[in-house]
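Student: I would like to learn how to read a few features of a protein model, taking them one at a time. Could we begin with the model on display?

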Amino acid sequence: MQGTNRLRTDPTVAEGGVIVVHVAEGVRQVHFTIPGHSTETVTVRGGRAEFRVPAEVRGGATVLVTDGLVPRPSSTTVTVVGGQSR
Amino acid sequence: MKTPLAAAAVAATLIGALTAQSLHVVPNAWDDADAPAMLSVPGITGSERQQVLIDASHLAALVGRDITGLLFRRDAGDATALSLATATLTVRMGTAPHAAAAATADFAANAPQAVLTYQGTLTAPLSPSTEGRPIHWSGADIIEIVFRTPYPYAGGNLCIELDGVATSPGWWPIDATEDPASGSVVADGTACGNRAQVLGQTAFVAAADLVVGRTAICKLFGEPRSNAILIVGADILPTPTDLALIGAPGCFLYVAPISAIPSTMSDSLAGTPFGGVANVHLRIPPLPALLAASFALQWVETGVGVFATSNALRCQISSSTPALGMATVWQRPGGGAVVDPTTAPVIGLRY
């Protein structure tokens, strides 16, 4: 597990896998973006936010995660790995 | 006739009974079970000032008692081993002049006569993995604050203020409860500008923020350090105003302003495609008349060489009021206060 501040997740996810982010703060949204691909906003419930990596995203891609709070956002990154389990 | 040893044993038992400490967990339903959410103790994961308001109905067992400390239990949602973390913490307690559901963003107003009960170091212990074992209100499963000055609880709504400064922060989530009340949000229209080409939608607010008494955190992703204005209106315009008329082709105004709230975009979020972000805290008053009420939001962004409009958001406030009987008010350095009557830590009150 890794992360900064109030977000925590596994550092890698398999292609097409689900990123589970633990959220230890009162925010109800977490934003995921895959540069050059897509951005998704996910509702936090029960201290978790889950995001499935689109099937077309290949190993080596990076998923950026943030709570979008200023002035000090909590954020982390997840690396997509090819053909492996998380 | 008792022997001196027996008398001493009786005396020791009596003294023990008189000094033994008890624990009252709020909300009591989560005494032996893991609640659905997780939070952090201020200072342990990052610097933060936080108030927890607790309605009197949760505290009947404590009337007339001295509260001697606070406990927070680790959350079961993350079973991994947790590292040591430390903070400097100040705890104040006082009577809240209103119920938790009416908590305000004004810290002083929530506890006008709070008294200092603890000031010093706070330690979150090394906590082994919880795989295959229960979590207890003891040992390495808790963060404990032993008051220097006990707080005599005479009844009424209680406010606990925790002002934590991180000294060696770490990930140490604590158990928290959550109210399912939620409004709804539907994105409408399209955003324009450079960031819209990367992100698509640029304006956000969480449906779960749209609850009476809560602070809705409205967000715009845009160009770092530009100016941003949040437009609040009653509804989406039947026909959007095409801003090509003012030299902004592809940009539309979807909301007729009732109010406009200025803000500023942050620096780039670690150089990510998110760009910068602006937050406006929109407090939804704790008024029954606002249950299921609707409104609309849109952002306009301006700066040197920058003009952009966001998508619009059709917002509807929850039709139910939060029923936790607890609320948190939190503020981080440099940020605004957030009132949340839908999330609160599970707290053990030692007495």
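Student: Does Y254(B) count as buried or exposed, and at what relative accessibility?

Tutor: Bear in mind that this is a predicted model. Y254(B) has 8% relative accessibility and therefore counts as buried, since buried means under 20%. F252(B), at 23% relative accessibility, counts as partly exposed.

Student: How many aromatic pairs does the rule find over all chains?

Tutor: In general, a pair of aromatic rings is described by the distance of the centres and the angle of the planes. Over all chains the count comes to three aromatic pairs. In one of them, the ring centres of F204(B) and F221(B) are 5.7 Å apart and the planes stand at 75°, so the pair is edge-to-face, the cut-off for that class being over 60 degrees. This pair links distant parts of the chain, with F204(B) in strand β11 (residues 203–204) of chain B and F221(B) in strand β12 (residues 215–222) of chain B, 17 residues apart. Both F204(B) and F221(B) are buried.

Student: Why is the pair of F252(B) and Y254(B) called tilted?

Tutor: The rings of F252(B) and Y254(B) have their planes at 40° and their centres 6.1 Å apart, so the pair is tilted.

Student: Turning to the interface, what area is buried between chain A and chain B?

Tutor: The size of an interface is often given as the accessible area lost when the parts come together. Between chain A and chain B the buried area is about 3100 Å², and carbon and sulfur atoms give 58% of that area. On the side of chain A, the residues that lose the most area to chain B are R6(A), R28(A) and V70(A), which together make up 21% of what that side buries. The contact takes 31 residues from chain A and 45 residues from chain B.

Student: How many salt bridges and polar contacts lie across this interface?

Tutor: The rule finds five salt bridges across the interface of chain A and chain B. R6(A) forms a salt bridge with E48(B), in which the closest N and O atoms are 3.3 Å apart.

Student: Which strand of chain A gives the most to the side that touches chain B?

Tutor: That strand is β4(A), with four residues. The residues on the side of chain A that touches chain B divide into 12 nonpolar, 12 polar and seven charged.

Technical notes. Residues are numbered from 1 along each chain as its sequence is written. Chains are lettered from A and ligands numbered from 1 in the order in which they are written. This is a predicted model: local features need pLDDT of at least 70, side-chain atom pairs count only at pLDDT 80 or more; totals for chains, interfaces and linings use all residues. Side-chain values use heavy atoms; hydrogens and water are left out. Contact means heavy atoms within 4.5 Å. Buried area is the accessible area (1.4 Å probe) that two parts lose on being put together, summed over both. A salt bridge is a side-chain nitrogen of Lys or Arg within 4 Å of a carboxyl oxygen of Asp or Glu. Helices (H or I, at least four residues) and strands (E, at least two) are DSSP runs, numbered from the N terminus. Ala, Val, Leu, Ile, Met, Phe, Trp, Tyr, Cys and Pro count as nonpolar, Asp, Glu, Lys and Arg as charged, and the others, Gly among them, as polar. Rings of Phe, Tyr and Trp (its six-membered ring) pair if their centres lie within 6.5 Å; planes under 30 degrees apart count as stacked, over 60 as edge-to-face and the rest as tilted. Buried means under 20% relative accessible area, exposed over 50%, partly exposed in between (1.4 Å probe, protein chains only).
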